[in-house]
Amino acid sequence: MPGSPTFTTRPQLAGTFGMVASTHWLASATGLAVLEKGGNAFDAAVATGLVLQVVEPHLNGPGGEVPVIGYDAAGDGVFVLDGQGVAPAAATIEAYTALGLDLVPGNGLLAATVPAAFGTWMRLLGHGLLPLREVMEYAIGYARDGYPMLATASATIDAVSGLFRDHWPTSAEIYLDGGVPAPGARFTNKPLADCYTRILDEAEAAGPGRETQIEAARRAWYEGFVAEAIDAYLAAAEVMDITGERHRGLLTGQDMASWRSSAEAPATLEFGGLTVCKTGPWGQGPVFLQQLALLRGFDLAAMGAGSTDLVHTVTECAKLAFADREAWYGDPRQTSVPLAELLSAGYADQRRALVGPEASADLRPGAPAGLMPGLPGYALAGFPVADPALGFFRPDGRTLARAGGGGLGDPTLGGTLPAAAAPATRGPAPRGRAPELGPGDTCHLDVADRFGNLVSATPSGGWLQSSPVIPGLGFCLGSRAQMFALTPGFASSLAPGRRPRTTLSPSLALRGGEPYLAFGTPGGDQQDQWTMGFFLNHVVFGMNLQEAIDAPAYHTDHFPSSFYPRGSVPRSLSAEERVGAHVLARLRQRGHDVEVRPPWSLGRISAVSRDGGFLYAAANPRGMQGYAAGR
């Protein structure tokens, strides 16, 4: 994977010692520092992730989640850590509908699942080498001593300052002490530093052994003072959320004590000589594999990188794969997901025949193994039933026709949200676009080390605008439960102890059974579209990592958003201006509703790779904060 004479925004890094790439330069530097101390990729990933939760608080936090895919060269090879907390025991559909809700709110306390990030980092650290203190000290230092406030974080805090002052005073204490922090100002979160310091002190008091300390830290979080503080606050708090009403939360300390991160095998697909590894269908990861299964039936190389034919074909395949995501994906521990059939060559052959020369305006889930697909009412708002012979079903057996207005059981999407409760990163969407999270609603990191290990992780949730800060802890809970459906009988329906079908989607690829590539991006529903463009640029068109990241990006919002209020924009295609006027014009001729985005605006991909005895890394220039480091 040599360099290239083609101009790139920064060099593709190459070396033999170790590589770290992430969405923030301080986090990447932290990861490399841990490798220099003698740590491995797992130590570095945890340290990097903990720092991301401090320095990008508007994009993720300790109360969020983090799916991980890793390759342990000294262990059993590739593994997935689920890293997604479950719905509380009290979180039944009836509990929400009794409040007059037909969607889980997008912020506030009702949207919280068990905060999974910390337990997952500790589980990943079990593959590491360094003492707990040497991994946690960087996050503690930045929280206690300060870091430069990002301009985007400052803007987010400014946007929610009224909400914080009027309704979430515990958040105002942290983020508005002295007013909205200016971009570049030194910002501290001393309660969070104290929380981590107490965890570390309790862990070291448990004994000298590394494993003993890691487990003690986990217990302090899920069974000790952290869980107690969360339980006490949620038992009494009633806070404003996006609905314009005050609601109590459902999460309890017992929910936290009952949860542990678990390891599982990845979902996989062969493409271009690589074994591509993703999470199971409790995340949207398999949608990447479904797209690849469809695309391997086309001569992509003949179409050419960035061509009209390529962008059209990739977009139409994404529509089909994401329609299946809506109909079939959910927590396989509690619902039957026909994943093997969804990834089968025969099913891909059937679905590929639906890709035509014009942009589809339909939402078309398939029927794997002859099973009839089901969709909640919100998913069909704006769509006709694409195939009257197939139709879609509700659990009561009635066929769903087009959902007009608020749909079947859906709110009216055109209503005005209360200004005080509106999430910071949502604003009036242009041309009727579904509201979406602002740029980089998540973080990402990738690490490769000299020992042959590889890690890809996508921390998210618990961002500062999701819910009030828990008193004494310095962080807030996440809002991932908004991805549940409040209609019973679907794979994504809410149920106690069930994982919401998250959008978080780290990626890892093997070549000949050996670790080759780790990559990912923030971006919600766009994660497995932006990374698809990167992956094809690298694997099909031979671009190096940095060239593939720098190349113009595009995506569609054709299918239902995973985020409140779950809207969709049929036939939409957002593309960076650099795609080219000629290509964009021809895409419009094919029926795509093209929205031209600024030249460097879509995606925040990072990647690391192992090839020919060298390690490589690259990071995204978009947003001007992602960076790679290595030697």
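This is a predicted model: local features need pLDDT of at least 70, side-chain atom pairs count only at pLDDT 80 or more; totals for chains, interfaces and linings use all residues.
Close-up 1. Phe164 and Trp168 form a stacked aromatic pair, with 5.9 Å from centre to centre and 25° between the planes.

**Close-up 2. Tyr147 and Phe187, an edge-to-face pair.** The structure holds 17 aromatic pairs, and here we turn to the one made by Tyr147 and Phe187. Their ring centres lie 6.0 Å apart, and the planes make an angle of 70°. This arrangement is edge-to-face. The pair links distant parts of the chain: Tyr147 belongs to strand S5 (residues 147-148), while Phe187 belongs to strand S6 (residues 186-187).

**Close-up 3. One aromatic cluster.** Phe118, Tyr196, Trp221, Tyr222, Trp259 and Phe475 together form one aromatic cluster. Its members include the tryptophans Trp221 and Trp259.

**Close-up 4. Cysteines without disulfides.** How many disulfides does the structure hold? The number is zero. Cys443 is in no disulfide, and the nearest cysteine sulfur, which belongs to Cys476, is 13 Å away. A disulfide needs the two sulfur atoms within 2.5 Å. Cys443 counts as buried because its relative accessibility is 0%. Cys476, too, is in no disulfide; for this residue the nearest cysteine sulfur is that of Cys195, 13 Å away. With a relative accessible area of 2%, Cys476 is buried.

**Close-up 5. Strand S17 in its sheet.** Now we move to an open sheet of three strands, in the order S16-S17-S18 and with mixed pairing. S16 and S18 stand at the edges, each with a single partner strand, so one side of each has no neighbour in the sheet. On one flank, strand S16 (residues 554-555) runs antiparallel to S17, joined by two bridges. Tyr554 stands opposite Ala575 of S17. On the other flank, S17 and strand S18 (residues 593-597) run parallel, with five bridges between them. In this pairing, Leu573 has Val594 of S18 as its bridge partner.

Close-up 6. Is strand S17 (residues 572-576) mostly covered or mostly open? The strand is mostly covered, with five of its five residues buried. Ser572, Ser574 and Glu576 lie on one side of S17, and Leu573 and Ala575 on the other. Both faces are covered, and every one of these residues is buried. From here, follow the chain onward: S17, helix H20 (residues 581-589) and S18 make a β-α-β unit, and the unit is right-handed.

**Close-up 7. Confidence along the chain.** The protein chain averages a pLDDT of 91, and 90% of the residues score at least 70. Residues 386-440 are a stretch to read with care: here pLDDT stays under 50. For this stretch the model has 117 contacts beyond four places in sequence.

Notes. Residues are numbered from 1 along each chain as its sequence is written. Side-chain values use heavy atoms; hydrogens and water are left out. Buried means under 20% relative accessible area, exposed over 50%, partly exposed in between (1.4 Å probe, protein chains only). Helices (H or I, at least four residues) and strands (E, at least two) are DSSP runs, numbered from the N terminus. Two strands pair if DSSP finds at least two bridges between them. A crossover is right-handed if, with the strands pointing away from the viewer, the path from the first strand over the helix to the second runs clockwise. pLDDT is the predictor's confidence in each residue, from 0 to 100. Contact means heavy atoms within 4.5 Å. Rings of Phe, Tyr and Trp (its six-membered ring) pair if their centres lie within 6.5 Å; planes under 30 degrees apart count as stacked, over 60 as edge-to-face and the rest as tilted.
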